[in-house]
Amino acid sequence: MLSAIVFLPLAGAMVILLLLKDARQIRLFAAAVTVVELALAVAAFVIFRTEDYRRVGDMEMVEVYRDWIPALNIQYHLGVDGLSTPLVLLTALLGMCAVFASLHVQLRVKEYFMWLLVLQTAVTGVFVSLDLVLFFIFWELELLPMYFLISIWGSGRKEYSAMKFLIFTLLGSAFMLVGILALYFSVGTFNIVELQNIEGAQLILPAGTVFALLFAAFAVKLPVWPVHTWLPDAHTDAPTAVSVMLAGVLLKMGGYGMIRMAVGMFPGRAQEYAWVLAVLAVISVLYGAVVTVRQTDLKRLIAFSSISHMGYVLLGIASVVGVGGAVSSVGLTGAAMQMFTHGTITGLLFLLVGLVYDKAHTRHIPDMGGLAARMPIIAVGFLIAGLASLGLPGTSGFVSELLVFLGTFEVWSWITALAVFAIVITAGYILWMVQRVFFGPLLPRFASLGDTTVVEAVPMALLVIAIMVVGVYPAIVSDVFKQGLEPIIQSLQQVGGP
Amino acid sequence: MNYLLFAPEFTLTAVAFAVLGVDLFLPRDKKGYLPALSVVGLIGVFVLSLRYLWGRDTDLYDGLFLIDNFSLFFKAFFLVLGVMVVLSSVDYVKKHLSRPGEYYGILIFSILAMMLMAASGELLTAYISLELLSFSLYVLVSYGRHGLKPSEAGVKYILLGAFASALLLYGISQVYGMLGTTRFDEIHAALLLEGTPLNPAVLVGLVLIIAGLGFKVAVVPFHMWAPDVYEGAPTPVTAYLAVGSKAAAFALILRLFSQAFMPAFDDWQIILVILAALTMTVGNLVAMAQQNIKRMLAYSSIGQVGYLLMGVAALSPLASNGVILHLVGYGGTNLLAFMCVIVFYNATNKEEIADFAGLADRSPFVAMAMSAALLSLAGLPFFAGFTTKFYLFTAAADGGLLWLVGLAITNSLISLYYYMMVMKQMYMVPADDNTPLNVSMFSCGVLGMLLAGVIIIGVYPGPLVNAIQAATKAILP
């Protein structure tokens with residue numbers, strides 16, 4: 001099942017590349033592939049939630065081919081647990097939204113949809129790989145489609161942005177590869193499950209160094225201040241669908257890696273350096289929020305707000321140090337929830353910005369005004385996403401931020417208090433932006449604009465539903481996350497205990 | 001003595017003479033039979049080698065030639081390589097070169113030389129095989145008809161090549177003078193007997209041998225000839241030079257260092273480590289500034305030599321596997337890249353990087369094949385380059401050279417930058433003239449074969465790795 005979920009988009013990409021010629025056919029086929037993919041991911045999620053034999057600390061739906069590269073003990077090893085299942089679902093959901101949001105693309109249609117589907121395979125692969133080499137392969141594979149999608153179908157300084165994205169991520173991968181090799185020579189395996197909590201193992205490099213190497217690689221992706229500068233550029237110049245994927249799932253690869261690899265493998269180091277994580281997190285949160293206020297480009301604004309919001313993920317992770325040896329699962333669960341909800345919320349925001357830009361042909365906030373009169377559905381969607389983004393109770397954003405703050409407050413009270421302050425700034429820039437773009441008097445040059453079409457509204461509606469459902473009944477996702485994080489919490493308690 | 005063990009070499013010599021002989025009687029418009037004859041001959045020898053030499057472990061002429069899995073593996077590799085080079089030359093030779101008979105004949109002689117190099121068990125035999133290879137290449141490099149560049153390339157290659165041979169020979173004489181033997185196994189025994197520290201005179205000889213072989217594989221600081229020669233030579237010869245002669249030299253290096261000089265490991269490791277670090281860094285940094293695609297590939301292959309040297313510096317069974325695997329993976333990839341350059345040159349007579357603009361529109365297949373080759377050279381997953389590089393880097397890290405592996409990874413990142421620049425030309429810059437590229441079905445077929453090879457090695461290297469492990473067992477039990 002997991003192989004099918006991972007490779008279905010890739011197979012679709014091959015079919016598009018080799019068999020399909022007509023642009024209309026290609027669009028329909030790509031959409032169909034992502035719908036099937038979403039159905040599979042939902043099925044996997046439902047099976048995972050309901051099965052009785054599911055046990056804490058076990059991987060489910062495991063697929064292993066042990067003799068892939070036997071000389072180095074590299075295996076084709078897929079599996080999911082509570083941490084990865086919701087992220088697979090998120091990827092499929094946003095992958096479908098991305099394809100639906102690009103149906104109007106006219107330039108080099110064939111290559112465009114091919115790369116989009118390859119991207120989906122790469123990201124899904126990252127979440128389900130249980131072998132470090134396989135993980136690394138998918139991690140690197142994601143770069144190619146991103147580079148092409150930004151530099152061919154982007155806007156503005158697209159080639160500069162694409163190259164910057166590539167160089168930053170590759171720098172991170174270099175750190176990761178050295179870390180992976182160091183792990184392999186110390187423990188003799190690439191198996192991620194076996195490598196969990198190897199605090200006691202004799203490593204060829206100091207454990208702190210390996211932890212730092214892995215952390216650095218994922219910090220670039222998350223992104224954490226000060227290695228965040230690629231993100232605003234990449235987002236601003238990327239086409240809509242790519243922004244959706246980038247904000248929605250690619251950043252989550254960083255958070256996922258941090259929890260699974262950095263913290264999961266070195267719980268002791270994570271506790272030792274948690275203060276560094278907390279400080280970096282609060283800088284990201286506050287710096288991101290303050291810079292966001294000053295943005296005049298709609299896309300750039302949301303990109304900077306992402307930096308602020310991903311700071312909460314890191315803050316949640318920093319709670320692993322616990323109080324007096326007792327580590328609660330609230331902070332980590334909050335971090336994971338924040339990844340999921342930020343994916344849906346920011347995905348929706350980018351989707352809507354794309355729609356606004358397609359119709360109004362501008363993203364410059366001072367040039368806009370009163371758009372709600374002409375596009376009420378988009379305005380409502382924007383308002384919901386915006387309110388969720390600032391953490392309004394009843395939306396998913398509230399749940400995840402609350403969990404993060406609850407988890408970290410008892411550990412890092414002052415730092416958390418500072419971070420909470422960012423909520424106020426967030427409310428400021430979100431509301432101010434919505435007001436400037438959608439309300440006020442309608443400018444005459446926008447008088448002839450229309451609202452969404454039905455096709456455009458489909459992904460929008462899906463994401464709004466996701467935001468609302470998780471907001472009202474968070475346990476549907478948080479239970480799964482919590483169960484997946486249980487082994488990590490246990491090892492943290494073991495290491496930090498008296 | 002069982003002369004049957006030497007049958008592949010004898011047969012290959014016969015094939016070379018047959019090609020030269022048949023050429024005399026073929027009318028001008030029937031020269032197309034020559035590559036066909038060469039390919040049939042090479043495949044025949046391939047089958048013969050596998051049939052008669054499988055699993056043998058013996059020697060000929062009192063240890064001058066070793067018949068083991070290591071030499072068999074390289075025999076097979078060189079023969080397959082030869083077939084691919086002949087196939088990729090067909091269109092190029094027809095369009096741009098005269099006298100196809102000598103071209104293919106000399107090519108086959110050089111393959112013979114490479115087979116002998118991998119099998120030689122003694123320094124002078126190795127030297128003579130190396131000279132046979134070098135002389136064949138001197139001719140092939142200056143084979144181009146037009147302008148000064150082929151002649152410049154030829155003269156440069158001959159002069160520097162002769163200089164390198166002199167160094168090598170002097171080093172050999174030094175080793176013979178001090179140890180009294182040129183056979184690998186006897187050198188090994190003599191070194192063990194002498195113990196540490198190594199006699200300085202032997203060390204001088206060893207350093208000279210490293211320098212001489214370093215010239216042949218273009219190790220920094222002995223690399224100056226490579227870019228000019230690569231640029232001036234006919235492109236199929238460049239490909240052959242970049243893949244074949246390097247693979248042969250590394251086969252010799254592997255055997256030499258593992259079977260002869262292993263007891264002095266501590267003395268030569270540091271030399272190779274420094275050379276490797278220099279070679280990969282200089283090669284990749286200078287490659288960024290190149291305008292000509294062949295020069296760029298020349299510098300990039302210098303960078304690859306740095307990675308390979310790193311593997312030799314960490315010599316162990318694992319590292320030897322890594323070096324051989326990377327030789328094969330890098331070889332296939334480089335052939336693919338050069339095949340794309342050949343196809344492009346055949347259609348347009350241009351070879352600057354800027355000329356590749358808009359290739360994605362003019363010929364999507366060639367652009368895709370070229371991208372696959374470049375990404376594989378950079379070491380991205382799903383292509384041969386990733387798997388083989390990963391294995392090699394892992395092996396080097398296992399040998400305790402983790403910092404050098406870090407440098408190599410950084411270099412891979414640098415290399416991705418200039419490979420991406422070519423891809424940018426192909427996919428993002430519009431072409432001046434948008435006519436579709438005229439590519440023959442035959443060339444497409446060769447491209448497809450190479451592309452399939454690069455992907456198969458990248459995704460499922462298992463069987464290849466098994467064969468390589470058997471080869472390594474012969475030199476490093």
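This is a predicted model: local features need pLDDT of at least 70, side-chain atom pairs count only at pLDDT 80 or more; totals for chains, interfaces and linings use all residues.

**Where the two chains meet**

Select B:Lys424 and A:Glu159, which form a salt bridge whose closest N and O atoms are 3.4 Å apart. Side chains of opposite charge can pair when their charged atoms come close.

Next, colour the side of chain A that touches chain B, to which strand E1 (60-69), helix H5 (132-141), helix H6 (143-153) and helix H7 (158-187) of chain A each supply at least two residues. The largest share, 12 residues, comes from H7(A).

Now widen the selection to both sides, where 34 residues of chain A are in contact with 34 residues of chain B. The area buried between the two chains is about 3000 Å², and carbon and sulfur atoms give 85% of this area. Pick out A:Leu72, A:Leu181 and A:Phe185, which together supply 17% of the area that chain A buries against chain B, more than any other three residues.

**Salt bridges within chain A**

Over all chains, a search of the whole structure finds 20 salt bridges. Select A:Asp233 and A:Arg300, a pair whose closest N and O atoms are 3.6 Å apart. Because A:Asp233 lies in helix H9 (residues 230-237) and A:Arg300 in helix H13 (residues 298-318) of chain A, the pair ties together parts that are 67 residues apart in sequence. Is A:Asp233 buried or exposed? With a relative accessible area of 7%, A:Asp233 is buried, whereas A:Arg300, at 25%, counts as partly exposed.

Move on to A:Arg269 and A:Glu272, which form a salt bridge with closest N and O atoms 2.6 Å apart. These two residues are 3 residues apart in helix H11 (residues 267-272) of chain A, so they are separated by about one helical turn.

**A network in chain B**

Select B:Asp228 and B:Arg295, whose side chains meet in a salt bridge at 3.0 Å, N to O. Both B:Asp228 and B:Arg295 are buried.

**A last stop on the surface**

Finally, select A:Tyr65, B:Ile455, B:Val459 and B:Tyr460, which form a nonpolar surface patch with about 330 Å² of accessible area together. B:Tyr460 lies in the loop between helix H18 (441-459) and helix H19 (462-475) of chain B, and at 39% relative accessibility B:Tyr460 counts as partly exposed.

Conventions:
Residues are numbered from 1 along each chain as its sequence is written. Chains are lettered from A and ligands numbered from 1 in the order in which they are written. Side-chain values use heavy atoms; hydrogens and water are left out. Patches are made of residues with over 30% relative accessible area and no salt bridge: like charges are joined within 9 Å, nonpolar side chains (Val, Leu, Ile, Met, Phe, Trp, Tyr) within 5 Å. Accessible areas come from the Shrake-Rupley method with a 1.4 Å probe; for residues, only the protein chains shown count as cover. A salt bridge is a side-chain nitrogen of Lys or Arg within 4 Å of a carboxyl oxygen of Asp or Glu. Helices (H or I, at least four residues) and strands (E, at least two) are DSSP runs, numbered from the N terminus. Buried means under 20% relative accessible area, exposed over 50%, partly exposed in between (1.4 Å probe, protein chains only). Contact means heavy atoms within 4.5 Å. Buried area is the accessible area (1.4 Å probe) that two parts lose on being put together, summed over both.
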